[in-house]
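Please look over the sequence and the model shown below before reading on. The briefing is meant for someone meeting this structure for the first time.

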Amino acid sequence: MALRPMRRRMPALALATSGVLAAALVSMTGATAAPTAANEPGSTPVPISTPDGVVSSYLLNARNANPGHTKQLERAVEKAGGVVVQSWPQIGVVVAHADVSSFRADVAKAAGNKLESVGATRTVPVAEGTPSELSVSWGPGASGYKKEAKKPANGDIGSEATVATVADPRENEQWDLQMIKADQAHRITEGNRNVLVGVLDSGIDPDHPDLVANTDASESVNCTDAGRPDTSATGWHPTTSDHGTHVAGTIAAARNGVGIVGVAPGVRMASVKVVSDAGYIYPEYAVCGFVWAGQRKMDVTNNSYYVDPFQFWCGDQPDQYAAMEAVRRAVEWSTDRGVVHAAAAGNSSYDLSNKTIDTSAPNDSTPITRTLNDTCKKVPGEFDGVVTVSSVQRFPAGTMDSRLSSFSNRGLGSIDVAAPGSAILSTIVRDNGYGTKSGTSMASPHVAGVLALMKSAHPGLTPAQMIDRLRAQADDKPCGTTTAGAPCVGTDADNSYFGEGMVDALDAVS
């Protein structure tokens with residue numbers, strides 16, 4: 001089968017270098033932003049207050065991603081009265097905390113031309129506190145995430161609650177595996193133990209009978225300690241959410257005569273915890289997760305979330321640009337080291353290719369109505385080299401026919417492939433049991449599992465080649481109808497609902 005070329009998206013960095021854009025601007029605060037094209041209005045600003053005496057978190061991007069420039073940013077942080085929480089010289093990114101209102105401007109002055117951008121990562125103080133071993137002048141700060149309001153799991157906004165089911169073998173109920181032909185693919189391979197999938201999520205239940213054999217504790221990490229990797233024995237365990245456990249079951253629940261089976265039951269998984277106990281995935285957590293995946297030479301990551309506190313990060317806003325650029329660098333670096341990424345499209349029935357208004361952000365304080373423009377991106381799903389997955393539901397019920405899930409985001413040129421995401425049976429934490437969830441969060445791990453099977457059958461493929469094959473092998477799916485959101489546009493071969501079509505596990509291993 002001929003391979004169709006991979007859809008290319010403009011990465012965040014290109015916003016500052018495109019021929020239609022002027023050179024990057026430095027704001028009054030010292031943060032860099034990518035300006036909009038001359039004929040396009042700017043997005044609605046979201047000022048992020050960082051008052052004196054309150055610890056705020058920042059991401060700094062070096063002009064050049066190398067150890068030398070990174071070290072100079074570290075010195076600039078100290079001169080500006082902040083503390084370095086974590087440095088990633090591989091990508092020229094520094095995570096910093098500070099309790100002075102002028103930190104952005106002060107660090108920009110101290111760093112000079114070695115700084116590309118700096119921005120606050122959240123609109124609220126650092127709830128988890130600054131890691132105690134850094135011995136900062138302001139003390140450890142808040143004792144835990146319970147000081148924040150609990151928000152819904154990021155990938156499950158508007159989705160069904162978990163429905164508990166009887167814990168007995170359920171493979172015959174997994175219509176989703178039949179729909180993507182995973183049951184047929186298993187006759188060829190169930191996956192290779194050399195293949196490692198990073199589950200960037202809320203943690204994986206460490207003793208679930210369907211997950212314990214396939215979860216590699218030695219490759220797992222907790223990134224929610226202010227964006228600093230925590231390799232403690234239990235840091236990567238779930239605490240307040242079973243979202244990551246459900247996702248993990250879809251990817252690689254073991255074939256062991258118990259419960260269900262995953263798309264790739266023969267591969268290993270790593271729990272890369274990027275979701276805080278309060279349900280937030282801040283940019284510094286995502287940076288840590290992607291760099292960890294590259295360092296550990298993972299093959300695939302699943303990303304059933306968008307980075308908080310913005311559903312869409314706008315490149316013409318200084319703080320948002322800096323955070324978005326740091327995550328983009330981490331994604332690109334891990335991709336260059338052989339990691340391919342699957343990501344959920346989102347659950348807002350939103351047309352990603354026609355962004356106009358957003359009323360959901362910032363979600364860690366008080367949302368406002370924002371006007372969006374072409375610099376505004378869903379992170380990480382709209383970065384180049386990330387497979388963006390929409391969700392389908394069985395329709396009519398009881399058949400192998402399907403239509404777009406009403407909650408699923410869509411968009412011509414934004415969706416790569418589709419996968420089942422409504423009423424998906426998988427593993428949950430409570431009683432080491434099983435239950436159903438709905439969301440594009442449930443669709444993305446099907447694609448991550450297919451990519452893991454593909455890597456098992458074709459270990460020499462690069463991430464770009466894997467994405468090309470995944471898209472080319474997807475089964476064309478005509479538009480059809482859904483019950484909410486923008487109507488479908490495009491052709492049977494490539495449309496706004498399903499991208500290139502339904503992901504095909506059998507073709508992936510052939």
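Predicted model: local features only at pLDDT ≥ 70, side-chain atom pairs only at ≥ 80, totals over all residues.

Residues are numbered from 1 along each chain as its sequence is written, and side-chain values use heavy atoms, with hydrogens and water left out. The protein holds 10 helices and 22 strands, where helices (H or I, at least four residues) and strands (E, at least two) are DSSP runs numbered from the N terminus. Of its 510 residues, 64% are buried, a word that stands for under 20% relative accessible area, with exposed meaning over 50% and partly exposed lying in between (1.4 Å probe, protein chains only). Among contacts between residues at least 6 apart in sequence, 77% join residues at least 24 apart, a contact being heavy atoms within 4.5 Å.

**The helix pair α1 and α2**

- Helix α1 (residues 67-79) and helix α2 (residues 103-111) have axes that come within 8 Å and cross at roughly 130°; axes are lines fitted to C-alpha atoms, for helices over the stretch in contact, and angles run from 0 to 180 degrees between N-to-C directions.
- That angle makes α1 oblique to α2, since angles under 35 degrees count as roughly parallel, over 145 as roughly antiparallel, 65 to 115 as roughly perpendicular and the rest as oblique.
- In this pair, Leu73, Ala76, Val77 and Lys79 of α1 meet Phe103, Val107, Ala110 and Ala111 of α2.
- The residues of this contact divide into seven nonpolar, no polar and one charged, where Ala, Val, Leu, Ile, Met, Phe, Trp, Tyr, Cys and Pro count as nonpolar, Asp, Glu, Lys and Arg as charged, and the others, Gly among them, as polar.

**The four-stranded sheet**

- Four strands form an open sheet in the order β4-β5-β3-β6, with antiparallel pairing; two strands pair if DSSP finds at least two bridges between them.
- The edge strands are β4 (83-88) and β6 (115-120), each of which pairs on one side only.
- The twist from one strand to the next averages 20°.
- Strand β3 (residues 56-62) pairs with β6 in the antiparallel sense over five bridges, and asparagine 61 has serine 117 in β6 as its bridge partner.
- Helix α6 (residues 283-295) packs on the sheet, touching β3, β4 and β5 (93-98), and its direction makes about 35° with that of β4.
- Helix α7 (residues 318-336) also packs on the sheet, where it touches β3, β5 and β6, and its direction makes about 110° with that of β6.

**The hairpin of β4 and β5**

- β4 and β5 form a hairpin with four residues between them, and glycine 92 in the turn has a positive phi of about 70°.
- These two strands pair in the antiparallel sense over five bridges, and tryptophan 88 has valine 93 in β5 as its bridge partner.
- β4 is mostly covered, with six of its six residues buried.

- Strand β12 (residues 300-303) pairs with β14 in the parallel sense over four bridges, and valine 300 stands opposite valine 340.
- β14 also pairs with strand β18 (residues 386-394) in the parallel sense over four bridges, and alanine 342 stands opposite valine 387 in β18.
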